[in-house]
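Dear colleague,

Here is the structure I promised to hand over, and below it are my notes on what was found.

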Amino acid sequence: MKNSSSLPLNECRILKKNLIINRLHILFNAIAIIALFYYRATTLLHIIKTNEIPLLPYVVVCFSEIVLTFIWILRRPARWRPVKRTVYPERLPEDEKLPPVDVFICTADPSKEPAFGVMNTVVSAMALDYPADKLAVYLSDDGGSYVTLDAMREAWKFGKWWVPFCKKYNLKIRCPQAYFQSGGNEIGAEEIEIKKRYDEFKENLEKNSKNASSSVSRDHPPTIEVMNQEDMPFLVYVAREKRPAHPHHFKGGALNVLLRVSAMISNAPYFIVLDCDHYCNDPTSARQAMCFYFDSSISQKLAWVQFPQKFHNASQHDIYGSRLHAIWREGLGLDGIKGPSIYGCNFYMSREAIYGTEKIHKGTVNLFFFDVDLNHLKKSFGSSNEFIKSIYKSYKPNVSRGEKVGYAYFSVVEDSITSLDLHCKGWISVFVDPSRPCFLGSATTNLNDMLVQQTRWAFGLMQIGLSKYCPLLYGIGRMSIFQCLAYTAHCMGDTLYVFPFYGLGFIPQICLLHNIPLYPKVSDPFFIVFAFIFLASLLKHAQEVLSYGDSFMEVLYELRAWMMKSTSSCLYATLNAVLDRIGLHEADFSLTNKAGDDEQARLFEKGLYDFQVSPLLLVPCCSLYILNLVSFIIGLAVIFQSQKANEMFIQAFIPFFVIIVNYQWLDGMIFRKDKGRIAPSVTLLSTAISSIILSLGYLFLIY
């Protein structure tokens, strides 16, 4: 029998079936796309010569197809070599040899991110299956709220009971709320006592949270409080200084401060970033990450280990695409080309990777006897000599385990610590999607939160795409072409859909009403090309959904969610990013509401869309649907009257497909009478906008 030390800590398996299907699809679809553009080019030349139909709508449709093809190319690397990783944490060395780990959790507003949920995440992190003397948990409170600080103190009191209880009985569920909602383990008197303390903990948090909204400040001094006791992880509350006139860079700025503060207190070589609503569902996640950092074949270049975001409140009807399975399916493929990008949370990262201190670590701690430019270090790490000392492996933190620490109030310098192109510099990452989710968060359960969240994400990613760090430009020569394409898809792929979506959502429909053909006849051989690309795309999507273990209904739900995001979120994200780029827009950060609502939850569980959405987000979707509905009904009459069904089939099919897939809009505007219906005022406004577009459509067709 092999010694466990000689066995691999992790295995990477290529998903051969998916690989073959993906590459065959790439081959045949590429051939079809080439044929499509041959048809478009020859037809365009013919239109220019004969002027048979208006040129402008045809050019818009061609442009839309070019953008769709560009996005399709960007997303192919994620399908080229899909892999699946397995870890064996039981093969790790003994606890004494495990490295310390810091846990970073970010919150900003206890009225939108209730303290009870945040503290469950905090306590679950304290109870990770990891040596307590090598674990520290930091909470960044960007609201500087006394409600959150008081909640942290309550979490510390409860954690002193909860953490030993979890470790004594080796509990699989270490989030208190999730544990007691599941019914517990019926351990006996000790569990009854813990349940009593949990109820007190919950009650105290609810009392303290009554004035949550008024406790939030955007103008406050820094506050740091360290809670420390032997045989327990550090628990540290951090509220960085915030002033209205000083840019604070949102979550990125908060993480920057946590890096600096933690360097002074625990200075673990690895840290994990969690969202405040993502509690630790599998207590072995840190050990799973160490299965890669202890792998000598990749550890020297491994920057981070990414776990997917999974959700405890996901319904069997994932009508908003809240489970983000499309992203995690791509993660399996990106792992095959040196790793995915960072998805914002649930990743274990090497502190050395983000500092970029490989050269420094080869020297001594004495800055004055080592060939390092101190001024250069201060440009990267700020003016604090103490912090610069902390980047050396021989540095010893200021706080000892068991040392009594009260309140500490001091200024934190927010000079930038840049990750500077980790993949460009040769760092790699891995993506781990285990059968038991390591972290569980709260999925968005209403349309408003989903669209707001997607707008925020798309805006941030589009800002990168429009900056000098656009991966397709900046990455050339620094990364492989596959990585450049994949990163560009991550930054801009979803948002770019807004251009073909509106181009193909309006133009063919307007031309249908005026009997202007933009596509080949059914009898034309090129009709097969368009039909193949359309059907192959749908079937490929279905194959990916089903191979990931989801039901066929997920195909429809994801398609609807993509259409809604492209129509609304991507539109505003693109406009905001362009305005921001030219200096006419100030970045705004809108939190997704984590507080529950009974009516929203009821609609979500029944699979009904909640259309209580800001009109600004709702009107584009309603207007586009009404336009397609009207153009299809009137267009059918025009087709039958002119007997051009053979010539206009595709243009009639496009609005028909939109109407059928997005039936929920018609239901919300006309048939539903419950609270979640579309407001009549939104329907009237959308009807007016659609009417104006259709009425003025002929102006677009004269060119």
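This is a predicted model: local features need pLDDT of at least 70, side-chain atom pairs count only at pLDDT 80 or more; totals for chains, interfaces and linings use all residues.

Residues are numbered from 1 along each chain as its sequence is written, and side-chain values use heavy atoms, with hydrogens and water left out.

E558 pairs with R329 in a salt bridge (a side-chain nitrogen of Lys or Arg within 4 Å of a carboxyl oxygen of Asp or Glu), and the closest N and O atoms are 2.8 Å apart. This pair links distant parts of the chain, since R329 is in helix α10 and E558 in helix α19 (residues 553-581), 229 residues apart; helices (H or I, at least four residues) and strands (E, at least two) are DSSP runs, numbered from the N terminus. R329 is likewise buried, with a relative accessible area of 12%.

By the same rule the count comes to 28 salt bridges. One of them joins the side chains of R240 and D142 at 2.7 Å, N to O; R240 lies in the loop between β6 and α8 (250-265) and D142 in the loop between β4 (135-141) and α5 (146-168), so the pair ties together parts that are 98 residues apart in sequence. Both of these residues, R240 and D142, are buried.

Definitions and conventions: Buried means under 20% relative accessible area, exposed over 50%, partly exposed in between (1.4 Å probe, protein chains only).
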